[in-house]
Amino acid sequence: MQAALMIEARGLAKSFGPGLGVSGIDLQVPAGTIVSLLGPNGAGKTTIVRMLATLLRPDAGWARVAGHDVVAQGRAVRRRIGLTGQLASLDDCMTGRANLVMLGQLSRMSRRQARARAADLLTQFGLESAAGRAVRTYSGGMRRRLDLAASLVGGPAVLFLDEPTTGLDPDSRRALWEVVRRLAREGTTVLLTTQYLEEADQLAGHICVITGGRVAAEGTPGQLKAAAGPAKLIISLAPGADLARAAAVLARRAAGPLAAAPRPGYLEVPVVPCAGLVTSVIRDLDEAGVAVNDISLQLPTLEDAFRGLTGSAAAGLPSGDDAVSPEAAEARARAA
Amino acid sequence: MSGGTAGLGHPLAASPAAVAARGAGALAGARRRSQATAVADAAGTAGWAARDMAVLAKRTLCRMITTPEQVLNVTAQPIIIVLLFSYVFGGSITLPGHGSYREYLIGGIFAVTMCGTAQGTGIGLAIDISGGLIDRFRSLPMSRAAVLAGRTLADLALTIVAAAVTAGTGLLLGWRIHTGPADTIAALGLALLFAYAASWGGACVGMLARSAESAQTVGLLVILPLSLTSNAFISTARLTPWLRTVADWNPVSVLATACRQLLGNPDPSAAIRSWPMQHAVLASALWSAVLLAALVPLAVFLYARRVQR
């Protein structure tokens with residue numbers, strides 16, 4: 001059967017005034033998985049995390065984290081969670097080590113246990129050499145690593161990461177992704193918010209697209225991409241080729257109406273990818289006497305899905321709502 | 001259930017006291033056991049809260065030591081005020097009756113310095129609340145009251161330093177304590193009690209302020225009039241009647257007068273027929289008690305409201 005749910009929310013809502021806040025948030029996160037809340041700035045991702053981490057009291061709905069209600073059993077929830085917020089949540093006048101020891105003591109460890117745990121985490125995160133320095137002297141990457149280490153002090157079963165890699169260089173970002181993957185492999189359940197599509201695609205097995213305070217769509221990265229629209233053949237015609245004839249030939253192979261040419265001399269054909277598709281298209285065009293420079297198959301990206309859903313759709317992209325709602329409905333039905 | 005917790009857990013989740021109480025209860029029957037456990041749990045909770053408060057107070061003191069410029073208002077400021085009022089203003093101020101102005105002044109500066117503590121509390125908490133660290137604290141299974149209680153405790157420790165600096169400067173300029181150790185300790189106790197109460201006022205300001213700068217401005221707008229409409233630097237005898245009434249009931253005046261009485265310094269206020277001036281020690285203790293009773297719950301309320309935004 002399915003693994004136990006470590007995060008479960010239904011109808012979660014919090015308002016900060018008309019049009020501000022989140023509502024109707026349903027979430028189901030099985031143990032040991034990584035789920036990403038993906039959305040633009042101001043979509044409400046942080047509000048959701050803050051409610052789940054017992055920092056904000058929901059106006060409506062309920063949520064259980066690690067089996068405990070976030071309102072009625074807040075302290076029990078706090079024993080099992082770790083949180084890395086967007087703002088640096090470290091004391092920058094104190095050393096890296098002193099920060100971790102303090103948080104250990106506040107997590108109900110004895111001084112000795114807190115020291116041992118701090119030493120262990122500093123080693124794990126490659127911060128031993130900086131352990132005795134004040135955090136204000138740390139680089140952005142080191143600070144973020146220490147921040148993540150700080151959220152692991154109590155050995156959380158559920159980890160909330162609110163935009164953990166914002167402002168990091170690509171190397172530091174990849175290193176942090178590796179840590180998150182390792183934590184999930186070791187059984188930690190991770191809820192991660194991000195505005196980076198690549199990050200959600202790389203890390204999460206399940207993505208909830210949040211926009212305007214609601215879950216606009218959810219599913220695996222694959223499902224969201226599939227829902228973003230069909231695959232496309234991008235065909236670059238040789239100079240002087242007959243565009244109209246090419247379009248007529250290609251219409252027979254197309255899975256839908258041909259999109260307006262994005263660039264002169266190019267054709268974009270929605271297709272259902274299958275074996276021999278590209279070969280047959282080239283043969284058809286050749287038989288019709290249309291000369292081709294280049295042909296490529298483009299699979300939909302998460303960016304297509306995201307842009308469709310968040311209303312920043314560029315011309316030529318399928319309407320997000322139409323394209324995704326069946327998938328989203330299916331994902332919700334499966335979840336329920 | 002989760003590999004992530006392996007080897008860590010919370011070995012102290014059941015406190016030794018609670019375990020011991022359960023052991024005792026087993027001998028005496030189920031009912032007594034539940035009572036003993038409840039008492040032990042309550043004691044355990046209070047114990048944890050006290051430890052959380054101590055850990056956070058230590059953090060604040062650690063910050064003060066690593067950034068000493070942040071605490072200049074309680075360390076260097078008393079020296080400056082003592083020197084200013086002794087040498088610049090002192091010559092133009094005459095006390096009713098006989099008595100040395102410098103001897104009179106130090107009690108007043110004690111009282112004013114105690115207010116200064118509140119400024120540090122307000123600014124420090126305003127910085128903390130606008131950063132991410134308090135969110136981190138609130139996601140831990142720690143006592144939720146410890147954030148404010150730890151800060152005010154650390155500021156109390158800083159106040160002792162400020163009192164010592166004030167006294168040291170005073171002694172160099174000829175101020176003396178004319179009474180015994182018991183009275184001296186009583187004066188120090190009253191001053192610290194007032195500083196602690198004022199510190200909770202600062203905590204309220206910190207919770208309301210949008211930034212450290214605004215906490216500082218608001219703090220100054222409260223402390224400056226409060227200090228200057230008191231008998232800290234001048235005698236209230238020559239003020240217009242309504243202002244004198246205000247000054248005589250001002251907690252800064254009351255504390256300054258109580259310190260002067262307890263330390264045997266000149267006290268022209270003894271001639272003023274107003275209840276707080278006639279019973280300054282009792283009045284100062286009452287003032288602090290009233291302020292604490294009002295400001296602690298208010299600060300806790302403002303904190304709870306602030307973090308919900």
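Biologist: Which strands does helix 9 of chain A lie across?
Modeller: Helix 9 (residues 243-251) of chain A lies across strand 11 and strand 12 of chain A. Its direction runs at about 10° to strand 12 of chain A. Angles run from 0 to 180 degrees between N-to-C directions, with axes as lines fitted to C-alpha atoms, for helices over the stretch in contact. Helices (H or I, at least four residues) and strands (E, at least two) are DSSP runs, numbered from the N terminus.

Biologist: And helix 10 of chain A, what does that touch?
Modeller: Helix 10 (residues 277-287) of chain A packs on the sheet and touches strand 11, strand 12 and strand 13 of chain A. Its direction makes about 150° with that of strand 13 of chain A. Contact here means that C-beta atoms, placed from the backbone, lie within 7 Å.

Biologist: Before we go on, what sort of model is this?
Modeller: This is a predicted model: local features need pLDDT of at least 70, side-chain atom pairs count only at pLDDT 80 or more, and totals for chains, interfaces and linings use all residues. Residues are numbered from 1 along each chain as its sequence is written, while chains are lettered from A and ligands numbered from 1 in the order in which they are written.

Biologist: OK, back to the sheet. What's the strand order?
Modeller: The order is 12-11-13 in chain A, an open sheet of three strands with antiparallel pairing. Strands pair if DSSP finds at least two bridges between them. Strand 12 (266-271) and strand 13 (292-298) of chain A are the edges, each pairing on one side only. The twist averages 20° from one strand to the next.

Biologist: How many bridges between strand 11 and strand 13 of chain A?
Modeller: Six, in the antiparallel sense; strand 11 of chain A covers residues 231-237. A:Ile235 has A:Ile295 of strand 13 as its bridge partner.

Biologist: What does strand 6 of chain A pair with?
Modeller: Strand 7 (residues 158-162) of chain A, running parallel, through four bridges. A:Leu83 is partnered by A:Phe160.

Biologist: Now helix 5 and helix 6 of chain A. At what angle do they cross?
Modeller: Roughly 15°, with the axes of helix 5 (residues 140-151) and helix 6 (residues 170-185) of chain A coming within 10 Å. These two helices of chain A are therefore roughly parallel to each other. That label is for angles under 35 degrees; over 145 is roughly antiparallel, 65 to 115 roughly perpendicular and the rest oblique.

Biologist: Which residues make that contact?
Modeller: A:Gly141, A:Arg144 and A:Leu148 from helix 5 of chain A, and A:Ser172, A:Leu176 and A:Val179 from helix 6 of chain A.

Methods: Two residues are in contact if their C-beta atoms, placed from the backbone, lie within 7 Å.
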